2 protein chains.
Amino acid sequence: MPVAKPSGVQTLLVAAILTVATSSQGLLTTASKTHDGKYAYNFATVPLLAETLKLVVSAALLWQRRATARITLDVKSVAMFPVPSIIYLVHNNVQFVFLSYVDPSTYQILGNLKILTTGVLLRVLLGRKLTPLQWIALGLLTAGAATSQLSGCAANGGSSLSAPALGYFWGIVSAFLSGFAAAYTEFVMKRNSDDLYWQNCQLYAFGTVFNLMRLAYDGVTETTPRLSEDGQPLHWLFDMLHGYSLTTWLVVSNLAFTGLLVSWIMKFADSIVKVYATSMAMLVTMLASVAFFGLSPTPQLFLGIVIASASLQIYYLKPEGAVPSGSSGKLATDEK
Amino acid sequence: MPVAKPSGVQTLLVAAILTVATSSQGLLTTASKTHDGKYAYNFATVPLLAETLKLVVSAALLWQRRATARITLDVKSVAMFPVPSIIYLVHNNVQFVFLSYVDPSTYQILGNLKILTTGVLLRVLLGRKLTPLQWIALGLLTAGAATSQLSGCAANGGSSLSAPALGYFWGIVSAFLSGFAAAYTEFVMKRNSDDLYWQNCQLYAFGTVFNLMRLAYDGVTETTPRLSEDGQPLHWLFDMLHGYSLTTWLVVSNLAFTGLLVSWIMKFADSIVKVYATSMAMLVTMLASVAFFGLSPTPQLFLGIVIASASLQIYYLKPEGAVPSGSSGKLATDEK
């Protein structure tokens with residue numbers, strides 16, 4: 001698969017930008033709410049507009065490169081691109097079912113399992129072999145993320161993690177769908193050396209269609225229609241942008257931006273890079289909340305950061321890091 | 001230093017026994033209390049009797065091996081053996097000062113720092129070089145132990161870890177004394193190929209003396225003397241065994257047993273093995289409390305076990321575990 005390999009520095013840079021952008025996403029979304037914590041706009045329109053924006057940007061960039069861009073147009077190839085959107089659609093529904101069985105804290109903590117399922121699905125779909133050390137690193141990232149999310153206070157029904165078996169079941173299904181979507185997307189992007197923006201166009205075209213279908217379905221089947229400030233019912237399509245502020249557009253464009261970064265990472269790096277970037281983003285968001293929004297710093301946040309950082313170092317450890325300096329440590333890999 | 005190296009299995013066995021025995025120590029000590037949570041006996045006599053018991057056992061075993069046991073009797077060598085006892089004496093006092101500044105939760109969590117200081121002092125005193133991966137492993141063991149001890153509920157003044165700067169200062173001093181005592185003991189035991197039991201005899205002879213001096217000092221200077229059930233004042237020496245039950249003797253002999261195991265580990269393995277054994281013992285005790293004493297299982301205990309186990313695997317990872325299977329991963333250690 002002749003995909004140009006970027007330098008380690010390039011990948012690190014893109015990953016770092018994704019971390020910051022993902023962290024900003026949460027903060028921007030909160031900032032886009034009204035002061036009573038509600039959305040003045042239809043939040044379900046945000047993914048649709050982000051997909052459309054990604055499609056427009058990718059099409060424009062592809063047009064710019066049309067002279068040299070490699071393009072595959074056979075049906076078999078194009079037919080692979082709706083799959084991620086379908087998986088995400090199913091995943092969204094599973095998330096709702098999952099959440100109906102567990103409290104928000106358990107929902108968040110079990111959500112970290114997608115770190116491990118991504119590794120598993122990478123092995124299954126792309127034949128990527130991780131070393132034992134790398135598997136331990138992924139386990140530690142999961143544990144570190146979960147640790148930072150501990151809220152304690154079992155008396156308040158905090159992190160007791162008591163949930164019905166069905167809750168755990170849907171949590172695991174949700175994690176597998178996440179991992180499957182990531183691994184499949186990476187598989188599709190790396191399958192050939194088509195231009196990144198051509199692959200994006202296919203991905204986001206289907207994404208736009210599916211999101212539109214979803215919005216239409218919700219809009220047509222809803223029993224209590226959304227109302228404007230003066231009590232007029234809002235149409236799901238024609239009043240789509242009702243209540244949109246500048247901040248809302250920032251939420252949309254930031255979401256589009258992170259999506260484009262993920263696309264690049266899937267083609268030129270791998271799903272594990274994405275997993276680390278988004279996990280670190282969660283910790284960065286918590287740190288930012290401590291620094292700027294009055295969240296009290298907790299030992300679990302500090303410990304979570306320590307463990308996640310250790311995980312990152314371990315995953316990307318150069319082999320020399322595992323051998324005492326000065327020893328003649330040759331590996332007997334030929335004996336395997 | 002021609003000290004006979006035990007097999008990995010032997011070391012693992014001794015470490016496992018130490019883990020179980022250390023865990024039992026806490027449970028036995030609790031069992032030796034009366035039903036209102038107090039000690040019917042003078043707890044300060046326990047370390048003294050344990051040192052004496054260790055001395056008696058070591059002398060007996062040395063006598064049994066007197067034909068072949070190597071013995072060094074010069075003053076310079078013998079003069080090294082009081083040092084661990086002196087360090088432990090100072091450490092005990094520092095622990096009291098430390099505890100006066102922080103709550104029990106912070107005291108316990110900061111206590112884990114001795115894992116890291118042991119590694120540092122091993123480097124300083126014995127020139128032991130740890131790989132970067134092993135340092136990360138020690139950091140993870142510290143983090144994992146701390147995670148399991150999180151109590152949450154900042155509202156109840158739980159694990160907020162807010163302590164005056166002096167509290168952190170004394171905590172760090174305490175951790176360094178622990179690490180220093182361990183590393184120095186290992187240094188002394190490995191310094192020559194003297195018989196283990198001869199070295200033990202010196203160690204425990206001085207230990208007995210210092211403990212006796214300590215008991216005498218406390219007994220002579222105490223303002224409120226201990227009283228028997230019928231109100232008679234108890235003498236610190238002649239009534240030393242007042243209130244001793246069978247369980248108390250089990251506490252003493254178990255403490256002696258763990259001490260002898262640690263001695264073996266210091267001579268034939270290293271301080272890191274001891275550190276892992278005692279950290280695991282803490283987790284085993286918590287598990288036992290969940291299984292038998294009604295402690296509620298918490299996510300932090302589960303996460304702590306996961307992280308500590310990962311640390312153990314990482315520390316003792318064979319170099320092949322850091323390389324993808326099938327690759328020709330030669331290490332460029334000659335280029336260092």
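To begin with the fold: among contacts in chain A between residues at least 6 apart in sequence, what percentage join residues at least 24 apart?

Tutor: The model is a predicted one, and the values below are computed from it. Of the contacts in chain A between residues at least 6 apart in sequence, 82% join residues at least 24 apart. The secondary structure behind this figure consists of twelve helices and zero strands in chain A, so that the pattern read along the sequence is α-α-α-α-α-α-α-α-α-α-α-α. The radius of gyration of chain A is 22 Å, close to the 20 Å that the globule rule gives for 336 residues; chain A is therefore as compact as a globular protein of that length. Along the principal axes, the C-alpha atoms of chain A fill a box of roughly 80 × 65 × 40 Å. Of the 336 residues in chain A, 48% are buried. The accessible surface of chain A is about 16,500 Å², and carbon and sulfur atoms account for 67% of that surface.

Now to the aromatic side chains. A pair of aromatic rings is described by the distance of the centres and the angle of the planes. With a limit of 6.5 Å between ring centres, the count over all chains comes to 27 aromatic pairs. One of them joins Tyr39(B) and Phe43(B), whose ring centres are 4.9 Å apart and whose planes meet at 20°. Planes under 30 degrees apart count as stacked, and the pair of Tyr39(B) and Phe43(B) is therefore stacked. Tyr39(B) is partly exposed, at 33% relative accessibility, and Phe43(B) is likewise partly exposed, with a relative accessible area of 34%.

Phe43(B) also pairs with Tyr41(B): the ring centres are 6.4 Å apart and the planes stand at 50°, so this pair is tilted.

In chain A, one aromatic cluster is formed by Tyr39(A), Tyr41(A), Phe43(A), Tyr244(A) and Trp249(A).

The charged end of Arg66(A) sits over the ring of Trp63(A), at 4.1 Å from the ring centre. In chain B, the charged end of Arg66(B) lies over the ring of Trp63(B), 4.1 Å from its centre.

Definitions and conventions:
Residues numbered from 1 in each chain as written. Chains lettered and ligands numbered in written order. Predicted model: local features only at pLDDT ≥ 70, side-chain atom pairs only at ≥ 80, totals over all residues. Heavy atoms only, no water. Phe/Tyr/Trp six-rings, centres within 6.5 Å; stacked < 30°, edge-to-face > 60°. Buried < 20%, exposed > 50% of the residue type's maximum accessible area, 1.4 Å probe, protein only. Lys NZ or Arg CZ within 6 Å of the ring centre and 35° of its normal. Helix = DSSP H or I, 4+ residues; strand = E, 2+ residues; numbered from the N terminus. Rg over C-alpha atoms; globule rule 2.2 N^0.38 Å. Contact = heavy atoms within 4.5 Å. Areas by Shrake-Rupley, 256 points an atom, 1.4 Å probe, with all protein chains shown as cover.
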